[in-house]
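Morning, everyone. Please have a look at it first.

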Amino acid sequence: MASEDNYFVDLITHSYSQYLNNDQFASVKRSLAQLIEDASTIRNFPITHEDAPTPLFSNIAEIPPKQSDRN
Amino acid sequence: MTNKLVFKTVRELSALIQKKSVSPVEVTKAFLNRLEELHPKYNSVVTVTRKNALEQAHILEKEVLQGKIRGMLHGIPYGAKDLLATKDGIPTSWGAACYKERCFDYDATVVSKLRQRGAVLVAKLAMIELAGGMGYDQPNASFTGPCKNPWSLEAWSGGSSSGSGSAVGTGLVPFAIGSETWGSILSPANNCGVTGLRPSYGRVSRYGAMPLSWTLDKLGPLALSADDCGLILQEISGPDSKDDSAQHVKFGYLDQAPSKGKLAIINGVIDDADPEVHDNFLESVSQLKSWFDIDDIEIPDMPYHETARLIMLSESASAFEDFTEQGLAKTLTAPEDKYGPYARTSILAKDYIKALRIRRVMAREITKIMKNYDGLIAPTRNSAATGIKEKFRGATKGSGKDTMGAIGNILGLPAVSVPNGFTSQRLPTGLQIMGSLNSENMILSIANKYQNEQTWHKSHPENLYP
């Protein structure tokens, strides 16, 4: 996790440091920490190969039951 | 004249116009005058559209005299959140200082539809800059200044549809169009003591609206009653060739009897509510129990907040890519917005796609639960309006919880917020009713029933009566 954090900090520094002072950069790092925590939660949530992404930018209509639930 | 009109519902004003008790020009002038007199005190308006409004009102008046009525909105003034494009030299600022002079040469579909149906645009309404997409956490996050609450100038109107809530609550417009990605219709409805409807995803075309998150954004009405919200939604919904996310079926407003007679409360959903919000909610539950069975339910343990945040932040990184790359965030008003867009540029595609896969699982699991109920209920927000200089607890930044909001917005479910009481500081609190996809008639019927028995929505600040 620490290496991912550092990678993104480097990426943001490279791309956007011209727009940020030191205090703002410290706040960006805190936001990044929250995001990485969220991403970690998402990554650890168990799903199966049957769980495809929902179609982009569309309604959640009736989602059919999983094939494994039907069998 | 203004005495007869302020704090009248759309339905009441429409009856007056159709009976020719008042004319569209009289109504429009009355609200324009009131807007110009009061809006500076509340920071709720960006542009008053006097010239265009009166031109339109004269046309509509002639039609009334000819016996031609376009519908319930004929001659009714309204305000549009300033993320909706408007042509004819009316600026559309998105709440951001760098865009305050910018004009589009087209109208958003919702603005066109309202014009066609006879509604009169009298104002572009203040909003949080970029609809809160940069991560604001206090009210002074717009070039128009912090938007003030109808019930107290020391309290915030809520956001990001700040002006929409404040202008309806102060009687400057009979209704407004706002938007919600996560909380931005329901929050100002709660804070300002008005009724707000977040429709189902795709109900209302988003063509011409500033995008923040294509998976989560919805447009909807704020008004003085749930009945008004139903009337307005009927006029603004429907297919649009310019927005392929808009549903193909137009919404027809119909007060319907509950099919199951059952509501549910998610366990734990009031745990973080302030005591007076908690108490007002329990009063509402007690009232609703006279008509419904109400169950306490568990929902699956899923990462609702994290999924909503990841989807919203990924998509906003794309929506504001040019803005971010040009370094325009430094021109924003809120200090926290000046650095807001940068962290999210690091979200990986695989995490975004995983969030969309979790969305599918959520849809399946939550739909199974909601099939058994006419709606889920909760306090609209965990607190009444916060102070105009205070930070607020926000689920979008992870400093507060909003489970109903996370679920509702990820899955595109409709919700209505109705006033349900006051705090000891005389600030409104709200009750939200959330339904299954496309169940606006059901939740509006429940809200109508509640508002037929309770009169919270008829309370208005005493100092604002003309």
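Some ground rules. This is a predicted model, in which local features need pLDDT of at least 70 and side-chain atom pairs count only at pLDDT 80 or more, while totals for chains, interfaces and linings use all residues. Residues are numbered from 1 along each chain as its sequence is written, chains are lettered from A and ligands numbered from 1 in the order in which they are written, and side-chain values use heavy atoms, with hydrogens and water left out.

Now the interface. Contact here means heavy atoms within 4.5 Å. On that basis, 39 residues of chain A and 48 residues of chain B take part. The area buried between the two chains is about 3900 Å², and carbon and sulfur atoms give 64% of that. Buried area is the accessible area, with a 1.4 Å probe, that two parts lose on being put together, summed over both.

On the polar side, the interface has 15 residue pairs in polar contact, both residues at pLDDT 80 or more. A polar contact is a pair of N or O atoms within 3.5 Å; within protein, one must be able to donate a hydrogen and the other to accept it, and residues adjacent in sequence count only if both atoms are side-chain atoms. H2 of chain A gives the most to the side of chain A that touches chain B, with 13 residues.

A salt bridge is a side-chain nitrogen of Lys or Arg within 4 Å of a carboxyl oxygen of Asp or Glu. One salt bridge joins A:Asp51 to B:Arg364, at 3.2 Å from N to O. There is also a salt-bridge network that links A:Glu4, A:Arg43, B:Lys350 and B:Asp351.

H2 of chain A covers residues 22-44, which is 23 residues, and its first and last C-alpha atoms are 33 Å apart, close to the 33 Å expected at 1.5 Å a residue. The expected span is 1.5 Å times one less than the number of residues. At the start of H2, a side-chain oxygen of A:Asn21 comes to within 3.1 Å of the backbone nitrogen of A:Asp23. The buried residues of this helix include A:Phe25, A:Leu32, A:Leu35 and A:Ile42. Buried means under 20% relative accessible area, exposed over 50%, and partly exposed in between, with a 1.4 Å probe and protein chains only.

Next, salt bridges in general. Over all chains the count is 20. B:Glu55 and B:Lys51 form one at 3.2 Å, N to O. These two are four residues apart in helix H4 (residues 50-65) of chain B, so about one helical turn separates them. B:Glu55 is partly exposed at 44%, and B:Lys51 is exposed at 60%.

B:Arg117 and B:Glu235 meet at 2.4 Å, N to O. B:Arg117 is in the loop between helix H5 and strand S3 of chain B and B:Glu235 is in helix H8, so this pair ties together parts 118 residues apart in sequence. B:Arg117 is partly exposed at 30%, whereas B:Glu235 is buried at 9%.

B:Glu440 and B:Arg203 form another salt bridge, with the closest N and O atoms 3.0 Å apart. B:Glu440 is in helix H15 and B:Arg203 in the loop between S7 and strand S8 of chain B, 237 residues apart. Both are buried.

S7 of chain B also holds B:Thr195. This residue is buried at 0% relative accessibility, and its side chain makes a polar contact with the side chain of B:Gln451 at 3.1 Å.

Last, the cysteines. How many disulfides are there over all chains? Zero, by a search of the whole structure, where a disulfide is a pair of cysteine sulfur atoms within 2.5 Å. For B:Cys98, the nearest cysteine sulfur is that of B:Cys103, 14 Å away, which is too far for a bond. B:Cys98 is partly exposed at 31%, and B:Cys103 is partly exposed at 41%.

That is the tour.
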